[in-house]
Amino acid sequence: MDKEIEVRIKKLYRRAIFLIITAPFGFIFLIFAIALLFAGYFFASAIFFTIAAIPAAHLIYLIREAKREEKEGGFKPVVLNADKSFSFDDVVSIFEGLTDEENRLSISESVRFYRFNFSKFLRLRIVLYGTDDFNKKDFNNAKDRINKKANKEFEISQWGSRYDDSKMRYNVIYSKCLTADLYSFLSQNAEHNLRRVEGIINFAVVGNKIILPPLFGDCYDGQIFRYKEVIKFINQVFLNCKS
């Protein structure tokens with residue numbers, strides 16, 4: 001994993017864990033402080049109020065930091081470099097090598113669908129979309145059509161557990177060049193789509209570059225885990241590709 005991305009993910013993990021731990025500890029100390037106050041132990045109550053204020057202040061700081069990131073943005077897409085440039089046929093071959101014929105379909109040469117279990121932690125459905133000039137509306141229309149066809153043909157249920165972080169949708173955009181519209185699309189925070197029951201991430205293959213959106217702001221550990229799994233997938237499937 002790229003060192004800069006690794007540092008960023010560790011920071012997000014630390015903040016998510018601190019948020020999880022800080023809130024209940026602060027609440028517990030606050031309850032003790034109130035109970036001692038009503039019992040007449042004013043000095044002890046003041047001590048517990050002081051202790052409760054420390055995690056509360058830390059919690060406020062972490063929340064404000066996350067909100068500031070969301071407001072200011074400014075995070076660039078993450079770019080991972082492979083040792084070779086990929087053609088559209090190369091990407092098709094990679095995904096066909098990961099699936100059997102019964103778990104693939106297409107609506108055109110440039111719009112394809114795959115589904116497979118990449119690991120015990122990751123069950124994937126992938127839409128591969130090839131384009132020479134990315135247009136978000138055309139991409140969304142093609143994606144919706146092939147997902148609808150896949151749901152019908154494979155009888156895929158639209159319901160799932162909100163606590164299941166293993167199901168993901170990868171929308172892979174193949175383009176010969178990184179246009180301004182594609183760059184803008186990939187600059188959007190991945191946080192929102194990773195929060196869904198069936199997490200979604202969009203990333204692009206352009207030459208030897210694999211480009212995915214940044215992750216920042218108010219993230220919980222499940223979203224960070226999913227993002228880390230995306231990077232692991234890209235590393236194994238594209239960056240370590242021997243073909």
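Reader: Where is T99 placed?
Author: T99 is in the loop between α3 (88–98) and β2. Keep in mind that this is a predicted model.

Reader: Is T99 buried or exposed?
Author: T99 counts as buried, because its relative accessibility is 10% and the limit for buried is under 20%.

Reader: What separates the C-alpha atoms of T99 and F32?
Author: A distance of 57 Å separates them, and T99 and F32 are 67 residues apart along the chain.

Reader: New topic, the sheet. How many strands form it, and in what order?
Author: The open sheet has 7 strands, in the order β1-β7-β6-β5-β4-β3-β2, and its pairing is mixed. Its edge strands are β1 (78–81) and β2, each of which pairs on one side only. From one strand to the next, the twist averages 25°.

Reader: Which way do β2 and β3 run, parallel or antiparallel?
Author: Antiparallel: β2 (residues 104–108) and β3 (residues 111–119) are joined by 4 bridges. S106 has R112 in β3 as its bridge partner.

Reader: Do β5 and β6 run parallel or antiparallel?
Author: Parallel. Strand β5 (residues 167–175) is joined to strand β6 (residues 199–206) by 7 bridges. For Y174, the bridge partner in β6 is V205.

Reader: Now charges. How many salt bridges does the structure hold?
Author: The structure holds 8 salt bridges. Side chains of opposite charge can pair when their charged atoms come close.

Reader: Which residue does E191 form a salt bridge with?
Author: E191 pairs with R195, and their closest N and O atoms are 2.4 Å apart. E191 is buried because its relative accessibility is 11%, whereas R195 is partly exposed at 41%. Elsewhere, salt bridges that share partners join E96, E109 and R112 into one network.

Reader: How far apart are N and O in the salt bridge of E109 and R112?
Author: The N to O distance in that salt bridge is 2.9 Å.

Reader: Are E109 and R112 buried or exposed?
Author: E109 is exposed, because its relative accessible area is 62%. R112 is buried, because its relative accessible area is 15%.

Reader: What about K143 and D144, what do their side chains do?
Author: The side chains of K143 and D144 meet in a salt bridge, at 3.9 Å from N to O. K143 is buried, with a relative accessible area of 15%, while D144 is partly exposed, with 46%.

Reader: How many disulfides does the structure hold?
Author: The structure holds 0 disulfides. A disulfide is a covalent bond between the sulfur atoms of two cysteines.

Reader: I can see C177 and C219. Buried or exposed?
Author: C177 is partly exposed, because its relative accessible area is 36%. C219 counts as buried, because its relative accessibility is 6%.

Reader: Last topic, the surface. Which residues make the nonpolar patch?
Author: L30, I34, L37, F38, F42 and F49 make a nonpolar surface patch of about 600 Å².

Reader: Which helices supply the patch?
Author: α1 (3–39) and α2 (42–72) each supply at least two of its residues. α1 gives the most, with 4 residues.

Reader: And F38, which helix is it in, and is it buried or exposed?
Author: F38 lies in helix α1. F38 is exposed, because its relative accessible area is 73% and the exposed class begins over 50%.

Conventions
Residues numbered from 1 in each chain as written. Predicted model: local features only at pLDDT ≥ 70, side-chain atom pairs only at ≥ 80, totals over all residues. Heavy atoms only, no water. Patch = residues over 30% accessible without salt bridge, like charges linked within 9 Å, V, L, I, M, F, W, Y side chains within 5 Å. Areas by Shrake-Rupley, 256 points an atom, 1.4 Å probe, with all protein chains shown as cover. Salt bridge = Lys/Arg side-chain N within 4 Å of Asp/Glu carboxyl O. Buried < 20%, exposed > 50% of the residue type's maximum accessible area, 1.4 Å probe, protein only. Pairing = 2+ DSSP bridges. Disulfide = S-S within 2.5 Å. Axes fitted to C-alpha atoms, helices over the stretch in contact; angles between N-to-C directions.
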